[in-house]
Amino acid sequence: MTKLLFYCPYWGMRPMPITSFLEKARNDGYHGVEIALNPDTMDIKTIKEQCDDAQLELIAQHPYAAGITANEMLPDYLSKLERILAIEPVMVNCHTGRDYFSIPDNLKFLTAADQLSKAAGISVSHEIHRGRFSFCAPLISDYFEAFPELKLTADFSHWCVVSESLLEQQQATLDRAIQHCSHLHARVGYAQGPQVPHPFAPEYHLELQQHLSWWMAILKAHISQQKERLTITCEFGPSPYMHSLPFTNAPIASQWELNLLMKTYLQDHLKYENN
């Protein structure tokens, strides 16, 4: 049976020190954490050691590649990825390419990242995200055809925004993408944004149930592929993802509490039984 493992995002937690964040994540029952790492500006080796000391697995996020054109960005993307892999996180979740790069140019990123991943023996997954190669569902099949080994981090909230829908007309594409999803970002989006104000408010029941059905399909795929674990980062974020009150910019909910509520919800509801 595939085991569900939950990770806490450091996104939105600053200025909380990483050591305090790790203690809080461990006390709230997370198996690990997901932290965006920039080896140019951060002591990433020490961060990994701090995670080890806290007995928390580290999923490294790689969103910081610099450059405007593909030729400018690719060397920096690969240099940072190689240094992140060197500290041996449990996996790397990448923000890869750009929506304005050609498919051949984006494929250079994917194939080169795969080579580094195999050399290091560490999984590299590429996040479904606006602005990246994976920004919309209709194009993703082209990447599957050209690069069948593609691993995705499932964050379907971005596709909801781009299509202004809950993807009702794109089920075939979703079914195919789900087979390639190796990591999950559990955030509920809607047609007009990547994050509903509160996933358990009754007015967003449809959105919650739709996302849950996608996540259950990912779990089913993991079970059928005989994978031992499904890694899940509960990833409700800060402003501007988090809605805020006019004039004060006060968040309308606690980011930490939303993610903790989602973890508890998925522990209770994310189940698949092969009847």
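In which strand is the place of Asn93? Asn93 sits in strand S4, residues 91–94; strands here are DSSP runs of E with at least two residues, helices are runs of H or I with at least four, and both are numbered from the N terminus. The model is predicted, so local features need pLDDT of at least 70 and side-chain atom pairs pLDDT 80 or more, while totals for chains, interfaces and linings use all residues. Residues count from 1 along each chain as its sequence is written, and side-chain values use heavy atoms, leaving out hydrogens and water.

**View 1. Asn93 and its neighbours.** Asn93 is buried, at a relative accessible area of 0% (buried is under 20%, exposed over 50%, partly exposed in between; 1.4 Å probe, protein chains only). Leaving aside residues up to four places away in sequence, Asn93 touches several residues, including Glu34, Ile59, His62 and His183 (contact: heavy atoms within 4.5 Å).

**View 2. Strand S2, residue by residue.** Five of the five residues in S2 (residues 32–36) are buried. Gly32, Glu34 and Ala36 point one way, Val33 and Ile35 the other. In a regular strand, side chains alternate between the two faces of the sheet.

**View 3. S2 between its partners.** S1 (residues 3–9) runs parallel to S2, joined by three bridges (pairing takes at least two DSSP bridges). Here Cys8 stands opposite Val33. S2 also pairs in the parallel sense with S3 (residues 57–62), over five bridges, and Glu34 stands opposite Ile59.
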